[in-house]
Amino acid sequence: MASVAALVPAAGMGLRLGENLPKAFVDLGGRTLLDWALDGLLASGALSHVVVVVPDRLVDRTRDICARVSGDLPIDVVVGGAERADSVRAGLRAAARADVILVHDAARCLTPPETVARVVDAVIAGSPAVVPVLPVVDTMKSVDADGVVTGTVDRASLRSVQTPQGFDADVLRRAHAAADHATDDAGLVERLGVPVTTVAGHPEAFKITTPMDLVLARAVLAARHP
Ligand code: CTP
Ligand code: MG
């Protein structure tokens, strides 16, 4: 059976959320975003190993969180870096034996277990890189430096991309070895010329970025547990 590791970048500062602590440790309904994110990953039943990547000063706190949620699954805690890609690379070093690697933002903490399992299944079925996506609902326009509209983009060919993103482990290692800047891991894989395929994402896999997203997350939890 394939060994499946999930790397959980949780080392960001959460500046846009503005809570004065790293976002993964912000409270949502009495637990941290990281607690919720780990719950969803573990409930998928699809993982062999988890690596959580956090700021240096929160390693002990993270070990406590992991001890509460882990069950039988091994969870390692490692220190992240200045950029998200640095944090992913730190996680990769702790997942040396994995055949399949997921990268899942702690900030997408309400991602349903079914979405996690769908990504893993697609990689195991032979896709070297898989991203969960949603259709774009707004009309999309391009603008110039002054904000003047230069065109309307055909949204039928656009998708919003979520995590977890899933990869053949060697492909992800090669992508990060060659790495410069990209906002997601699949972006680095695309540059290798490796095909990236899509599976259905989920509205509840949205990323908590701004205070408005926390309002939405509280509403989602209230709807799950009325
Ligand atoms: N992340 C990380 N290491 C970094 C930067 C980001 O592990 N150096 C993680 C975040 O913790 C988050 C995910 O990557 O789970 C997505 O990043 P983002 O939403 O940008 O989170 P932050 O960087 O924390 O937020 P901000 O950009 O507003 O400061
Ligand atoms: Mg950031």
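**Reading the fold step by step**

Modeller: A compact globule of 226 residues would have a radius of gyration near 17 Å, and the chain has 17 Å, so the two agree. The radius is taken over C-alpha atoms, and the globule rule is 2.2 Å times the number of residues to the power 0.38. Please keep in mind that this is a predicted model, where local features need pLDDT of at least 70, side-chain atom pairs count only at pLDDT 80 or more, and totals for chains, interfaces and linings use all residues. Residues are numbered from 1 along each chain as its sequence is written, while chains are lettered from A and ligands numbered from 1 in the order in which they are written.

Biologist: How many helices and strands are in the chain?
Modeller: Helices (H or I, at least four residues) and strands (E, at least two) are DSSP runs, numbered from the N terminus. Here there are seven helices and twelve strands.

Biologist: What percentage of the residues count as buried?
Modeller: A residue is buried if 20 or more other C-beta atoms lie within 10 Å of its own, exposed if 12 or fewer, and partly exposed in between, with C-beta atoms placed from the backbone. In this chain, 41% of the 226 residues count as buried.

Biologist: Which residues of helix 3 are buried?
Modeller: Helix 3 covers residues 84-93, and its buried residues are Arg84, Ala85, Ser87, Val88, Gly91 and Leu92. Seen down the helix axis, they fall within an arc of 155°, so they line one face of helix 3. That arc is the one made by the directions from the helix axis to the C-beta atoms. Ala90 also lies in helix 3, but Ala90 counts as partly exposed because it has 19 C-beta neighbours inside 10 Å.

Biologist: What do the buried residues of helix 3 pack against?
Modeller: Two residues are in contact if their C-beta atoms, placed from the backbone, lie within 7 Å. The partners of these buried residues include strand 1 (4-9), strand 4 (49-54) and helix 5 (169-177).

Biologist: And how do I read a nonpolar core?
Modeller: In soluble globular proteins, nonpolar side chains tend to be buried together. A nonpolar core is a set of buried Ala, Val, Leu, Ile, Met, Phe, Trp, Tyr and Cys residues joined through C-beta atoms within 7 Å. The largest one here has 59 residues, of which Leu7, Val8, Leu33 and Ile101 touch the most other members. Helix 1 (residues 33-43) gives the largest share of this core, seven residues.

Biologist: Which residues come nearest to ligand 1?
Modeller: A residue is near a molecule if its C-beta atom, placed from the backbone, lies within 6 Å of it. Of the 22 residues around ligand 1, Pro9, Gly12, Leu15, Arg16 and Ser87 come nearest. Arg16 lies in the loop between strand 1 and strand 2, and Arg16 is exposed, with 12 other C-beta atoms within 10 Å.

Biologist: What should I look for in the backbone itself?
Modeller: Most residues other than glycine have a negative phi, and most peptide bonds are trans. Asn20, not a glycine, has a positive phi of about 60°. A cis peptide bond joins Thr163 and Pro164, with omega about 10°. Pro164 sits in the loop between strand 10 (159-161) and strand 11 (165-168).
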